[in-house]
Amino acid sequence: MRTSPRKRNLKHITFYDMDLQTEITLIPRLLVALLLGFLIGLDREIHGHDAGIRTYASVCLGAALLTIINTHIEVADQTRIVANIVSGIGFLGAGIIFRDSSKNTISGLTTAATIWASAGVGIAIGYGMYLIGITSTLLIILLLVSHHFPFFKAKYGKETRGNNE
C-alpha cells in the first residue's frame, strides 16, 4: 500500500497518483469542513444575509480541499497555496464590503470577516487540526450571535448590528 502520491510526467504536466486508501482517509476532512462552514453560514442565513450556508460551506470546503492537495504534492514552498487562499478570500471579502456615502454607512464588514475566518477553519481542517477548526467555528458562531445577548442590547441599545454587517 502506497501512502504518498506517485509523480508522473507527461509533456511538462505533472500528475500525482494517490492510492485510494489515502484518498478515503482524507474525505472526512472535507466533510468536517463542509459541516463547520454550514454551521457558520446558518446564522447568516437565518438573519437574511446574502452570504449564507452555501457561501460559507463552499469557502470552508474549498480552503480545506486546497490545503489537503497542498500537503500531498511536491512543491518547493508549502506555504504558497495557503497564503494564496488567505489573500484570495481577502479579495472576495473586499468585494462584499460596501460604503454608502449618502447614509454614511459601511455594510458587509462582518460578512467579509467571517468568510475570511471560515477559510481559516477550512485550512485548519485541511491540515488535520480538528480541535482548532471546531473551536474556531464555535468562537465565530459566538461572535455572530453575541448581538442577541442582553448585555450588548443594554449597552448598545435596541439595534446592535450597527453599520458593519
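**Exercise 1.** Which residues make the nonpolar surface patch of about 470 Å²?

*Solution.* Leu20, Ile24, Ile27, Leu31 and Leu34 make the patch. Patch members have over 30% relative accessible area and no salt bridge, and nonpolar side chains (Val, Leu, Ile, Met, Phe, Trp, Tyr) are joined within 5 Å. Areas come from the Shrake-Rupley method with a 1.4 Å probe. A salt bridge is a Lys or Arg side-chain nitrogen within 4 Å of an Asp or Glu carboxyl oxygen. The model is predicted: local features need pLDDT of at least 70, side-chain atom pairs count only at pLDDT 80 or more, and totals for chains, interfaces and linings use all residues. Numbering runs from 1 along each chain as its sequence is written, and side-chain values use heavy atoms, without hydrogens and water.

**Exercise 2.** Sort the faces of helix 5 (residues 130-145).

*Solution.* Start with the buried residues: Gly133, Thr137, Ile140 and Leu144. They share one side of helix 5, because their arc around the axis is only 65 degrees. That arc uses directions from the helix axis to the C-beta atoms. Next, find their partners: helix 1 and helix 4 (109-126). Finally, turn to the face away from the buried side, which carries exposed Leu131, Leu138 and Leu143.

Terms used:
Patch = residues over 30% accessible without salt bridge, like charges linked within 9 Å, V, L, I, M, F, W, Y side chains within 5 Å. Helix = DSSP H or I, 4+ residues; strand = E, 2+ residues; numbered from the N terminus. Expected span 1.5 Å × (residues − 1). Buried < 20%, exposed > 50% of the residue type's maximum accessible area, 1.4 Å probe, protein only. Contact = heavy atoms within 4.5 Å.
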